[in-house]
Every structure is written in C-alpha cells, then in structure tokens.
Amino acid sequence: MWYRASVPTPAPLRRALVSVSDKSQLDVLAELLIAHKVEVLSTGGTHRALAELGVAVVKVSEFTGAPEILDGRVKTLHPKIHGGILALPTEDHARELELHQIAPIDLVVVNLYPFRETIRKPGCSFADAIENIDIGGPTMVRAAAKNWGRVGVVVDPNDYARLAEVLAEHGGALPDSVRRSFARKAFAHTASYDAAIADYLARHDDEGQAIDAAAITPGLFVSGEPLVELRYGENPHQPARFFRTDYAAAEQTGLDRALIHQGKALSYNNLLDADAALGLIRDLHAGLPEGGRAAAVFKHLSPCGAALGSREESLAETFIRARQADAESAFGGIVSVSEAVDAATAERLVETFLEVVIAPGYSPEARKILAKKKRLRVLELPEMFSPSSGPPPLRLRSVAGGVLVQREDLIGVAAKDGQVPTERSPSAAELTSLDLGQRVAKHVRSNAIVLVREGATVGIGGGQTSRVEAVRQAISRAGDAAKGAVLASDAFFPFRDSIDAIAAAGVTAVVQPGGSMRDAEVIAACDEHGVAMVFTGERHFRH
Ligand SMILES: NC(=O)c1ncn([C@@H]2O[C@H](COP(=O)(O)O)[C@@H](O)[C@H]2O)c1NC=O
C-alpha cells in the first residue's frame, strides 16, 4: 500500500534539490525552474551547470553549512537535506523542522553516477566500479519517492518536458497522480541500479578479480524495462508483456532492437518464433561460403525449411527452396534471411501468408511490395550478424517454482571439422549438406533429425520421444527426396535401428555427436550399408 498523505490541493513548488550526473536537457529543467520561481539547491557540478544556464542556485554546502567532503562521497547526506525531503505535511513535523531550522524541499531531481556505463568501459578497474556506486543520489531518490505524498522526484532527463507541461497546467504545482507515477519510476530506477551493482559484485571474487565470465554466478539480479504490452500470451486468456532485461541490453542483436517497419502488433508467439528464426539464420550465416546466402522458414518454434544458396543464386531463389522444403507448413510461417531483402525476394515473400519476416535490411522497392501485406510484420535487425564479444548471452526460462539460467548454445562445429569413424568418408558435396543439416538440427526440438539434399532441408523430424521415431518422421516427410539425402541428428543414436531405417530410405551420410555406449554398433551398421558418418563431439539438445 502506498502511504497517502492528505494534501487536498497541491501547493506550488517552492524548493528543489537538483543533483545530476547526466546533465543532458538541463536547459529544459532550468527554464521551468526559473519560470516557476523555484528556489534551487545543488551539488558542485550541477550547481555550475545550472548557474551557467541563468538559474539562481544555492550550493547544498551553503544550505547545510557542511562542506562536500571525502572527494564527493558525502555531499547531500545531511539532516537538513533528508529532513527537508522526508518531512510530512503535518503540524508536528512542521514544528520539528522549525526547531532544527530545516527548510522543506518539495522537488528532487537526481540521476545517479553512471555505474553501468563505467563497468562497460574496457579495462574498468574494480576500484573505478566501486567509486561509481552512488550513495547520496539513491538516498535522496528513495526518500523523495517514499514521501511522494508531498515531494516530486524526477530521475530521467526525458521527464523534464513532462514536468514542465504539468507545472504549467497546474500553476506550478505537481498533482498527486504525477508525484505517484514519478515515485514508481524512482523506485524502479534505484532497484535496477542496485541490481546492476549486485550483479557486478557477484561476478567478482573477494579480491575484486572477475570470475570466469561465462560462469553462472550464484546471484540473479534481473530488472526489466517494459517494452510493449503484448495482445496476449500463448493463448488469449494469458496476459503477457515484453521486457528488455539488463542482461539483454548488453547484446547488439536482440529483438528489443528490431526496427518494426509495418504489420500487426507482435504477439508473444511471434516473438518466440522470431527469436528462433533469428537464432537459425545466425548459425546459417556463420557457415556461409563467401557470396553465399541463406533463408529459413519457422513455424511454432520449429524450422520447417532452410536452404543455402551459392553466389550464383539469387536470394529469391534461395527463399523459394526454403519454402518448398515444406510448402504446407510454410503457411503462416516466420521467415529469416541472411541479407537485405530485394524486390524480387519481396515478390516471393508476399505469395505466401506469413506472420513475420526478419532481415538485416530491405530495399525501398522491397518495402513497397511488402507493404501490400498490411498485417505482415516486417522486422529489420541491421546488427543481426555482428560478432558477439564476451561469453554467450544468458538465457532465462521459468518453471513452476523458479527460473532456469543457462548460457546460449553458441558452439557451432562445422561438419568438416568432425571425426569420421566409418570406412567411407563423406564426399565434399555430402559434407556441405551435412553441415547445413547439423546447423538446422540445433534449432529443432529434441529428438531432432534433419534430412538435407542439394542445399535444402527435405524432411525434419522434431520433438519426438524416441530418436528412431524422429528418423521415421523425417523420412516420411521427405518422401522420395530421402533417397540420396544426408542426415543430421542433434544427439547420438542409442541403437542401430535408426541407421537401418535411414539406409533403407536411401540416405547416404550422417552427422551426429557420437558418444553412445553403442557407438561401435552404430558404426558397424553404417559400414554394412555403406553410409558415411561424421562425429562432431558436440550435442545440441533443444528442450
Ligand atoms: N555522496 C553524496 O552525498 C551525493 N549526493 C549526490 N550525489 C550524486 O552526485 C551526482 C552529481 O554530482 P555533481 O553535481 O557534483 O556533478 C549525482 O549523480 C548525485 O546522485 C552524491 N554522490 C554519491 O554518492
């Protein structure tokens, strides 16, 4: 419950304390403080900046009679400041303020030392990070937010314009509702600030040395910036929202950065599928030969088609082959491509009912063509293939009772780098197809089997409870195309039954991690059927 002080008609602001590290838009603030004749108190750097903008500003040290000390570690931590902010509008508090000669403060404008920006700087020392933990700022922000019934608190320079508008509308006073909404934002701000500090400290040991960057540290400090309220969750009766987390803010390539050119609002399911389609196209892009291109079609978190094109093939042709891989499933699909969409590709895209298209760019002609499909969501992620620095991003998933945290599966072993345990080695053409199959299988729910022929998937079996059933599904989907195809599996074959089924269907080569107790049996089966096999040593379960 919010504490509610009874202030029937808010009085015009008389005194503000301004202490900001981010000095952007201070001119907007200065203007409104002058216009409403607000008495202004301020700390060192902010005092100088406001004075230059023509504000008659009093130094906090003069106001309190206590100088700033300890290199700025103590500037505003004084009863005259905190008494002035925290006093309730009651007669008792008024008497106490008078007794101690404390003047009430009714607006606090504070933003904090740039802790996040500091720790993101290459080479930032532990000592630098610690020195950038703001103490006085959050103390004032929290005090003002607690006393929202009388005091306004602004933590974001982007709110100065709103503040100016509200004050102009209300004769220099801040209505209750505005103070309350500023207070909400203030506590969210300090909570997120502390989460960043706690996360940083969890990632450093007692000597201040960074712990293995890829480790999952024992603390989880997630704060989320709300991006959009989604129409609903997986189903219409489930409310849902999309948040950008602090962890994601460090990523260059997240969906939070997508430019949305057109289409219906993105749904919860769209975002999940878009994320999956993005993951696959990144893996395909990473394996492309120079001048090559790739396209993928997703449905309900599973790829239904993926194709690689050589430099001689256009993107439109590559997309057509990805769509043809399972034309039936492509209806209502999510498409991702490895390069900017041109007019010819756009013409092909609009032939099918699609939910979302994701690409690193679009030509103006392509945009015009796609615009014909008003509901189609067109997402541009210019940085989608930027190489990521640092450890793979954290991925969070909730289960009843908690949250699971792991690093994203970014390992990609090219089939050509694997070991060949069979008598026959795959041909160069088979290796190229195995590589595509392996990259796609990583994005199919386990148990996952992917059949590939001539640079495109022809049959995908996923989400099956036995591996041989996933094999049967992939073969059945491929039909005649299974003959001469190659196969990729996300995990090892526990028995030779899958190999017997594959060989009977005409599959010529296999890529899988290996590591089964019965690898010898599986290798023997391959040799019996003349099937070439590659062991990658890396499992890619997707649950
Ligand atoms: N220690 C204090 O008493 C204190 N009071 C305010 N600050 C911070 O000092 C900064 C502004 O400093 P300046 O006005 O000197 O540029 C603000 O980010 C504010 O949050 C403080 N600094 C850190 O804790």
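In this predicted model, the buried residues of helix H2 are covered by elements that include strand S1 (15-20), helix H1 (26-35), strand S2 (39-42) and strand S3 (57-59). Helix H2 spans residues 44-52, and its buried residues are Thr46, His47 and Leu50. Because these residues cover an arc of only 105 degrees around the axis, they lie on the same side of H2. The helix is followed by Gly54, which has a positive phi, near 90 degrees.

In total, 21 residues surround the ligand, and Ser21, Gly45, Thr46, Gly136 and Gly137 are the closest. At least two residues of the shell come from each of S1, H2, strand S4 (107-111) and helix H8 (136-146). By residue class, the shell consists of 11 polar, 7 nonpolar and 3 charged residues.

Helix H12 comprises 19 residues, 268-286. The distance from its first C-alpha to its last is 27 Å, close to the 27 Å expected at 1.5 Å a residue. The buried residues of H12 are Asn270, Asp273, Ala274, Ala276, Ala277, Leu278, Gly279, Leu280, Ile281, Arg282, Asp283 and Leu284. The cover over these buried residues includes the strands S9 (293-299), S10 (302-309), S11 (333-337), S12 (354-359) and S13 (377-380), together with helix H17 (428-441).

How values were computed
Residues are numbered from 1 along each chain as its sequence is written. This is a predicted model: local features need pLDDT of at least 70, side-chain atom pairs count only at pLDDT 80 or more; totals for chains, interfaces and linings use all residues. A residue is buried if 20 or more other C-beta atoms lie within 10 Å of its own, exposed if 12 or fewer, and partly exposed in between; C-beta atoms are placed from the backbone. Helices (H or I, at least four residues) and strands (E, at least two) are DSSP runs, numbered from the N terminus. The arc is that of the directions from the helix axis to the C-beta atoms. Two residues are in contact if their C-beta atoms, placed from the backbone, lie within 7 Å. A residue is near a molecule or strand if its C-beta atom, placed from the backbone, lies within 6 Å of it. Ala, Val, Leu, Ile, Met, Phe, Trp, Tyr, Cys and Pro count as nonpolar, Asp, Glu, Lys and Arg as charged, and the others, Gly among them, as polar. The expected span of a helix is 1.5 Å times one less than its number of residues.
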